[in-house]
Amino acid sequence: MPLPITSMTAALLALLLLALAIQTVRKRLALKAAFGDAQDPGLIAASRSHGNLAEHAPIVLIMLGLLENGGANASVLTAFAGAFVAGRIAHAIGLHQSSEPGKAPLARQIGVIATWLVILGLAVMIVLGVAA
């Protein structure tokens with residue numbers, strides 16, 4: 001299979017995206033809220049965890065694919081891919097945990113930091129032309 005790291009990452013993220021979409025739909029059905037968030041914290045969390053993954057995954061997959069196709073170190077790419085998937089799972093978990101007002105749960109903080117570091121690391125690799 002061409003681009004095995006990118007392919008596996010895409011598959012794992014697709015499964016996570018599907019799980020988060022199902023969770024959002026279940027909340028919508030329970031609340032009878034076809035649109036919007038019904039000002040329900042659970043629906044807001046479900047919708048944002050799904051949307052946030054959909055917002056960040058494409059650029060990471062594109063950069064992974066470009067680097068993998070360009071011959072970048074497979075171990076480095078695998079580490080970035082694993083960190084991104086783990087970060088997205090942590091972010092989703094964190095969005096569903098209650099916390100003090102104005103303070104995000106630790107899992108969400110870890111997820112955000114992991115996501116941003118992966119995006120930054122992959123972007124730097126591309127800008128510097130890092131391969132092999």
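Reader: Which side chains meet in a salt bridge, and what is the N to O distance?

Author: A salt bridge is a side-chain nitrogen of Lys or Arg within 4 Å of a carboxyl oxygen of Asp or Glu. Here the side chains of Glu 55 and Arg 48 meet in one, at 3.1 Å, N to O. One salt bridge is found when the whole structure is searched. The model is predicted: local features need pLDDT of at least 70, side-chain atom pairs count only at pLDDT 80 or more, and totals for chains, interfaces and linings use all residues. Residues are numbered from 1 along each chain as its sequence is written, and side-chain values use heavy atoms, with hydrogens and water left out.

Reader: At what angle do helix α2 and α4 pack?

Author: Axes are lines fitted to C-alpha atoms, for helices over the stretch in contact, and angles run from 0 to 180 degrees between N-to-C directions. Helix α2 (residues 41-69) packs against α4 at about 35°, and the axes are 10 Å apart. On the α2 side the contact includes His 56, Ile 59 and Val 60, while α4 contributes residues including Thr 115, Trp 116 and Val 118.

Reader: Is Thr 115 buried or exposed?

Author: Thr 115 counts as buried because its relative accessibility is 1%. Thr 115 is placed in helix α4 and, leaving aside neighbours within four places in sequence, is in contact with His 56, Phe 84, Gly 87 and Arg 88. Thr 9, in helix α1, counts as buried at 4% relative accessibility.

Reader: Which residues make the nonpolar surface patch?

Author: Patches are made of residues with over 30% relative accessible area and no salt bridge, where like charges are joined within 9 Å and nonpolar side chains (Val, Leu, Ile, Met, Phe, Trp, Tyr) within 5 Å. Accessible areas come from the Shrake-Rupley method with a 1.4 Å probe, and for residues only the protein chains shown count as cover. The patch here, of about 680 Å², is made by Ile 113, Leu 117, Leu 120, Val 124, Val 127, Leu 128 and Val 130. Leu 117 lies in helix α4 (residues 106-128) and counts as exposed, at 52% relative accessibility.

Reader: What is the phi of Gln 39?

Author: Most residues other than glycine have a negative phi. Gln 39 has a positive phi of about 50° although it is not a glycine. Gln 39 is in the loop between α1 and α2 and is exposed, with a relative accessible area of 74%. Leu 3, also not a glycine, has a positive phi of about 50°; Leu 3 is in the segment before α1.

Terms used
Helix = DSSP H or I, 4+ residues; strand = E, 2+ residues; numbered from the N terminus. Buried < 20%, exposed > 50% of the residue type's maximum accessible area, 1.4 Å probe, protein only. Contact = heavy atoms within 4.5 Å.
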